[in-house]
Amino acid sequence: MQDFIQHIINGVSLGSIYALIALGYTMVYGILKMINFAHSDVYMVGAFAAYYFARFLGIENNPGITTLITLLVVSMVCCSLLGLAIERLAYRPLRKAPKLNILITAIGVSLFLEYSGQVVFGADPKVFPEVMKDFVLFKIGDIELKSFDITVLIVSVIAMLALEFLIFKTKIGRAMRAVSSNASVASLLGVNPDRIIAFTFIVGSSLAGVGSVLVGMKYPKIDPLMGMMIGLKAFVAAVLGGIGNVGGAVLGALIMGLSEEMVVAYLSSTYRDAFAFGILIVILIFRPAGLLGKYSVEKV
Amino acid sequence: MSSPLLTAENLEVFYGSIQALKGISFFVNTGEIVSLIGANGAGKTTTLRAISGLVPNKGQISFAGQNLNVVPTYKRVSLGLAQSPEGRGVFPQMSIYENLEMGAYSRKDKTQIKADLEMCFELFPRLKERLSQMAGTLSGGEQQMLAISRALMCKPKMLLLDEPSLGLAPLVVAQIFEIIKKLNKEGMTILLVEQNARMALKISHRAYVLETGRIVMQDSAENLLNNDEVRKSYLGI
């Protein structure tokens, strides 16, 4: 029983990291109806930005809250700038092009970042700075709550609450929802859709930045292809929850994190990825719109 | 009379290789209700889309003395042009209140916004009863009321109404046209696009009849109501 609860804690912690990345996919999809395949590589660049910045400041072996916050900020800023640049240079010129062209461009940007990463950062893995010591924060019975998991949980919950507030309680969030629902009507009311889309990329990318530092803390080996698998799983999480739906992305990510943890614990770690994509197949068969997604009925 | 509030000269719009507007010219004076009437595919909605900049057009549109062709869509609302779009275009996943707030998106005068909200509630008391209800759950008539109110929240000099009667019960249509008349009496200039020619002509000062991208007739609404051609083609008499 203790084991089981321990696995739940680990699974939720993993799931909240997936959620941070899945939110970027789902937000961009919600507003542009495109899948931003480059998102996972923005996440990768975030990890490297934190890595180099920590070495630059000489804080790579200086675990503590200050290091954590510094690296979070650095990674968020770098990811936002990169996300903004991608939107400006690659996607905006294609705003009126067919959806397939934009999709292929997204794959192109993704490959570009992955291979440029190998040229610039080098293909061999680097050790992420020590953001925090992993120790048992407190114990309930035999269940250990470790500092990593608690940090991951706290940081991602704060990020998600901030996002929730942004989307549902602010003027720009209202404009984001309006553009996502009907961009031309929103522009009739004075919203500049391009600005809102750029802002969406900034928000989504900075969440990926948060995710990259948390992953770097937990699994401190980073390389230019690190975004591929986690990006794919976050994408599956977004589809699972209903792509375009913010709450769905978080739900999907938690399901992914928990099931992955449980498969590793009770079946075999060989099956962890197979299981993740198995979920995707099942969902696509039985609920193509995702758990919280709605079938859009087209009125003719 | 002073120069018109809105003038369009030689408006041409292409959708791919199809020409939807073949060079139409019209004007709307301050304080008027002007109708564009015509059958499906005549180019009525396209005309409104051109005025708000949603489709690129050849020709010249000017509003309140300003050349609109150089103004992007999202800035036209601040000039005083508000539209209740075709199919109402309410944001279904947002509450009535949020939809109305979106109308005031480019305004900053908080007290005036509050006053305008109250005015909308006075016009359409039903909206006030359901402020937190999602717009997608409203009936067609209520959505039309919301779309008009949202356009009013832009504090426009001129209201563009696209088929406000579409898909609504006759009683509701009468109610909405009553409101349009009332708004005009209080000084609002209105450009109305309608298939329901009889209703439109009854409340308009002047009207243009569109046929496959061309204006085929223009006159005072009263004359058009008595015109044999119009009676036969559009009023079914």
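Predicted model: local features only at pLDDT ≥ 70, side-chain atom pairs only at ≥ 80, totals over all residues.

Me: Start with the open sheet in chain B. What is the strand order?

Reply: The order is β2-β1-β4-β5 in chain B, four strands with antiparallel pairing.

Me: Which strands stand at the edges?

Reply: β2 (18-28) and β5 (66-67) of chain B. Each has a single partner strand, so one side of each has no neighbour in the sheet.

Me: How many bridges hold β4 and β5 of chain B as a pair?

Reply: Two bridges, in the antiparallel sense, with β4(B) covering residues 58-63. B:F63 stands opposite B:Q66 of β5(B).

Me: And which strands does α1 of chain B lie across?

Reply: Helix α1(B), residues 44-51, lies across β1 (6-15), β2 and β4 of chain B. The helix runs at about 70 degrees to β2(B).

Me: Domains next. How is chain B divided?

Reply: Domain 1 is 6-80 + 157-235, and domain 2 is 93-155. Their centres, taken over C-alpha atoms, are separated by 23 Å.

Me: How many residues are in contact between domain 1 and domain 2 of chain B?

Reply: Ten from domain 1 and eight from domain 2. On the domain 1 side, α2 (73-79) and α7 (170-185) of chain B each supply at least two residues. α7(B) gives the most, with three residues.

Me: What classes make up that domain 1 side?

Reply: Eight nonpolar, two polar and no charged residues.

Me: Switching to the contact of chain A with chain B. How many residues does each chain give?

Reply: Chain A gives 14 residues and chain B gives 20 residues. On the chain A side, α6 (171-181) and α7 (183-188) each supply at least two. The largest share is five residues, from α6(A). By class, the chain A side has six nonpolar, six polar and two charged residues.

Me: Last one, the helix pair α10 and α11 in chain A. At what angle do the axes cross?

Reply: Roughly 140 degrees, and the axes of α10(A), residues 246-266, and α11(A), residues 272-286, come within 9 Å.

Me: Left-handed or right-handed crossing?

Reply: α10(A) passes α11(A) in a right-handed crossing.

Me: Which residues meet there?

Reply: A:M256, A:S259, A:E260, A:V263 and A:V264 from α10(A) meet A:R272, A:F275, A:A276 and A:I279 from α11(A). By class, the contact has six nonpolar, one polar and two charged residues.

Definitions and conventions: Residues numbered from 1 in each chain as written. Chains lettered and ligands numbered in written order. Pairing = 2+ DSSP bridges. Contact = placed C-beta atoms within 7 Å. Axes fitted to C-alpha atoms, helices over the stretch in contact; angles between N-to-C directions. Nonpolar A, V, L, I, M, F, W, Y, C, P; charged D, E, K, R; others polar. Domains from an automatic or database assignment. Left-handed = near helix turned anticlockwise from the far one by under 90°.
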